[in-house]
There are 2 protein chains.
Amino acid sequence: MKWTQTLIPTLREAPSDAEIVSHKLLLRAGLIRKLAGGVYTFLPLGLRALRKVEQIIREEMDRAGANEVLMPALQPPEIWEASGRAETASNVLFKVKDSSGRQWFLSPTAEEVITTLAANEINSYRQLPKNFYQISLKFRDEIRPRFGLMRAKEFIMKDAYSFDTTDEGAMAAYKKMYDAYTRIFARCGLKAFPVEADTGVIGGNYSHEFMVPAETGENEVAFCEACGYAANIEKATSGIPKTAARDMGPAIEKFATPGVVTIEALSKDPYKVPANRQIKTLVYVADSKIILILIRGDDQLNETKLMARTGAVAVRPATPEECVATLGARPGSLGAVVNVPASVSVFADGRLQGANDMTTGANEDGFHMKNVSIERDIKVTAWFDLRTVSAGEPCAKCAKPLKIRRAIEVGHVFKLGTKYSEKLNATFLDMDGSRKPSVMGCYGIGVTRTLQAVIEQGNDKDGIIWPLSVAPYQVCITPLAVAPDSQAMQMAEKFYAELTARGVDVILDDRDERPGVKFKDSELVGFPIRIALGEKSLLNGEVEIKPRTGAVQFVKIEEAVDSVLKLICV
Amino acid sequence: MKWTQTLIPTLREAPSDAEIVSHKLLLRAGLIRKLAGGVYTFLPLGLRALRKVEQIIREEMDRAGANEVLMPALQPPEIWEASGRAETASNVLFKVKDSSGRQWFLSPTAEEVITTLAANEINSYRQLPKNFYQISLKFRDEIRPRFGLMRAKEFIMKDAYSFDTTDEGAMAAYKKMYDAYTRIFARCGLKAFPVEADTGVIGGNYSHEFMVPAETGENEVAFCEACGYAANIEKATSGIPKTAARDMGPAIEKFATPGVVTIEALSKDPYKVPANRQIKTLVYVADSKIILILIRGDDQLNETKLMARTGAVAVRPATPEECVATLGARPGSLGAVVNVPASVSVFADGRLQGANDMTTGANEDGFHMKNVSIERDIKVTAWFDLRTVSAGEPCAKCAKPLKIRRAIEVGHVFKLGTKYSEKLNATFLDMDGSRKPSVMGCYGIGVTRTLQAVIEQGNDKDGIIWPLSVAPYQVCITPLAVAPDSQAMQMAEKFYAELTARGVDVILDDRDERPGVKFKDSELVGFPIRIALGEKSLLNGEVEIKPRTGAVQFVKIEEAVDSVLKLICV
């Protein structure tokens, strides 16, 4: 490709709404343009890089035995109602009515469609196992689209769905996808690592996310360098000990705490109750039902865990008015020792199990209670792991201290079990003549997000640093004179023809611009290898070859093509 | 690919809602499945064929110098309001509101998006000419989706948009696309031919459609075998003579025609006014304005021409009540000689120009007028070509009789001029320092429809007849025994490996089914070449090679691979 024949509108400055480096570079390098909030056009170079990511995914999916299909973007609500997700995923679903008044959902994923297909087309164990995937446009009604392609209203996703006869078969399919994902991200040049994950709205009972470490990532991951444990903070646990039991006064004692409504205030003079001896009582609304949550004063509630443990689809803190209506007091003085209505469930974090000598609110504004023994004095409905782990806590597996880092989620694999196949009737006739629901898994890769993650991980002050596998062009030939009869341009055309014939993706910067401008643009777009052709070095029988992150090498003209081929390992 | 590893759910009978042969075969051969009305899933084989069509289009677009991009499906209404199409295309636009209440249109085409992009990124004549294309999902709110992929609610379209500095440049871009389209359809094995076309809602002043002849096509094309003239019936003209002037009585005469409300009734006893001596007066509502249309009694009004000539976006026949309100009479007795309100335009078909001795309604129920000279007695606002041509009329270019055939529209090229660039401000600084709007063209191919047209054109009683270029697999190897240690299966695996290594797309039918079932399925899916491996012929050192539409050839085992390669011209 000649530079002047395509469109590479590089920018000196990124628009002010681009917050993170990869978003800025996508715009500055002329790879994408914003049409509206959360909606982008891929320009020629951005699309080339995207197609390369897609092709890597396609090759690895095919290699893993998955069959490519293409499912519709317009999905009938009936199948979403059958799966139960019409309600649980409602907040991210784009809904559209056609002229006949019929409603459609725009596909965010396709569990319902593929399971319906399997219900119709797969009838016998002899047709199983099967795995179907597609690389297609997806839609998500993001309230706050941000970070460019990271969180967009429409995006390209690879989604795959496996169907097996047994749980072991499903685990094998899961493992195959897990391994394929590992290869895919490695081939994209990404340092991605798998972490245990919550299954959320998708459902299922076993799940990993593939994470790319990045300061700007929207996820937090807890991990152990010693044993390799890694989990999304939404799911992570630690080996932190339960609250130690100790001597305490024999009876609960109510005491006045005028104006004290925070853990911190109660830990100071004159009360001096350490946070780890306080029970924090939170009133929540889970799927429109009031519940109480007890957590240690120095811990934080993890709402994802709360949803996972209680099965609630939506949770929110109760309003002060709801607190008063439930417990007779306002936040800051709440407790679960007295006045808890029998209809209200009390969920307590496991770290509090057996704790005594605790202080908690008295359900009377301006009063607390001390000498509380949680198992003696509070009627706990169920004990759950509800707290968020912190850096430095001991690993649950090996007791070494956990670390926490931010990361970008690029892939997610789920073992679904029979959740969808039962609801949508995707059954098969087994060898023994009985009819059983298929055991399913589902597997997603954010394709456009992966592309941006490659840039978020690979860049420097001058621009993008592409891996060879994803670069829009691998080699940029830069003649410093572009008149058709100049020696530089003629040599450039010759290299262009030779490298192209060898299967290398080459762009020739035929713009009549100053060398500085051309070099800067080539670094910004980040082509892995640049060949500069200046009249002076050509007179010496040499050309300049510069890897994007390496030093300039002067190479004899006749050896230039071979040198480039060696650099890109053709 | 092994047959048992993929999903090819062939059917003996097509579902009853499949009306045309290509739709039936898409379903019976297991290429697609219906999810809901007008919405289909591509199964593995259907997707393979679709990708081959896409790749042919991509190669020819690239060869013609177009740059591939990818524009969003979600489009902001503001740019459609700027172009004027928010109103004119409203009836086919899917409209969706996001959770913030903002409205989006689902892309049926992308003139507005690409012109907005050009407005932002193209600033100088030095950046022109440019042509951008995408192959992407499109949406159309079809009230009556039908014929499978032919008229679906979502479909894949290739759309391209050219930008030039001059009208001549735009014509050259148009010619390049016209030539690329000719190559694309030829490479897909389609007998497609270009016809002159109306520009419709897209706009512009010059347009061709590419048509595939088919009895089931939704278009009619008038064409001349002698000189090559061809046009969509919506646009076609002929050399049919004007109505001959002749002697007539001197004055208009009103006469009673009780109960006569059709052209035909008036042509019979006792009135005997031939249809070609009657003026048909039609009352229409064009964009909510009442207009009159005069057309000869033996001609038919062409509504597309009416819209094109008057610039109206929507036209419909007036209701009987509207006729009475306008002219004082009901349909059957309408005319334009008397009682036409001054505010009502009268558009007459050119074939009536100079006609006299005509009969028309008297605007009084049960009465007509004779001895009408149209130019003397009727105030015609404008003369237009408004009639639909019929088979047998003389060609306007060479006077030979026109023929009419049905056809499927697979492509459409438009010279747009500056309609969009002016409205969306896509201007460039020209060499002379002045700012001018780009001169545009747009070019569409219905990719999914093209795939179905290939099947509509290529089939017989046994199934699909694919061209080699689009077939999901070129060769089907059919061992008649599939035990891993059978000679047939071992030879099949050997051929599979050898042909695959030579770049041939091969499927191996490893199903444990009777030969008859396997042969029938292979004919139904329509693989161009089948290699059958039976124990008996293998004992003779031979295999059976059968082209889909040719006779069985017995070929020596050692020559089989070469024979196949020769058949597919590798």
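In chain B, Val475(B) is in contact with Leu499(B), Val504(B), Val506(B), Phe527(B), Ile529(B), Ile531(B) and Val564(B), leaving aside residues up to four places away in sequence; contact requires C-beta atoms, placed from the backbone, within 7 Å. The model is predicted: local features need pLDDT of at least 70 and side-chain atom pairs count only at pLDDT 80 or more, while totals for chains, interfaces and linings use all residues. Residues are numbered from 1 along each chain as its sequence is written, and chains are lettered from A and ligands numbered from 1 in the order in which they are written.

**Nonpolar core**
- Val475(A), Ile531(A), Val475(B) and Ile531(B) touch the most other members of the largest nonpolar core, which has 278 residues.
- Such a core is a set of buried Ala, Val, Leu, Ile, Met, Phe, Trp, Tyr and Cys residues joined through C-beta atoms within 7 Å.

**Chain A**
- Of the 570 residues in chain A, 49% are buried, that is, with 20 or more other C-beta atoms within 10 Å of their own, the C-beta atoms being placed from the backbone.
- Chain A has 16 helices and 31 strands, taken as DSSP runs (H or I, at least four residues; E, at least two).
- The C-alpha trace of chain A spans about 100 × 70 × 50 Å along its principal axes.

**Relation of the chains**
- Chain B is superposed on chain A by a rotation of 180° with 0.1 Å of shift along the axis, at RMSD 0.1 Å, fitted by least squares on C-alpha atoms of residues with pLDDT of at least 70 in both.
- This is the relation of a two-fold axis.
- Val96(B) has the C-alpha nearest the axis in chain B, at 2.5 Å.

Technical notes
A residue is buried if 20 or more other C-beta atoms lie within 10 Å of its own, exposed if 12 or fewer, and partly exposed in between; C-beta atoms are placed from the backbone. Two residues are in contact if their C-beta atoms, placed from the backbone, lie within 7 Å.
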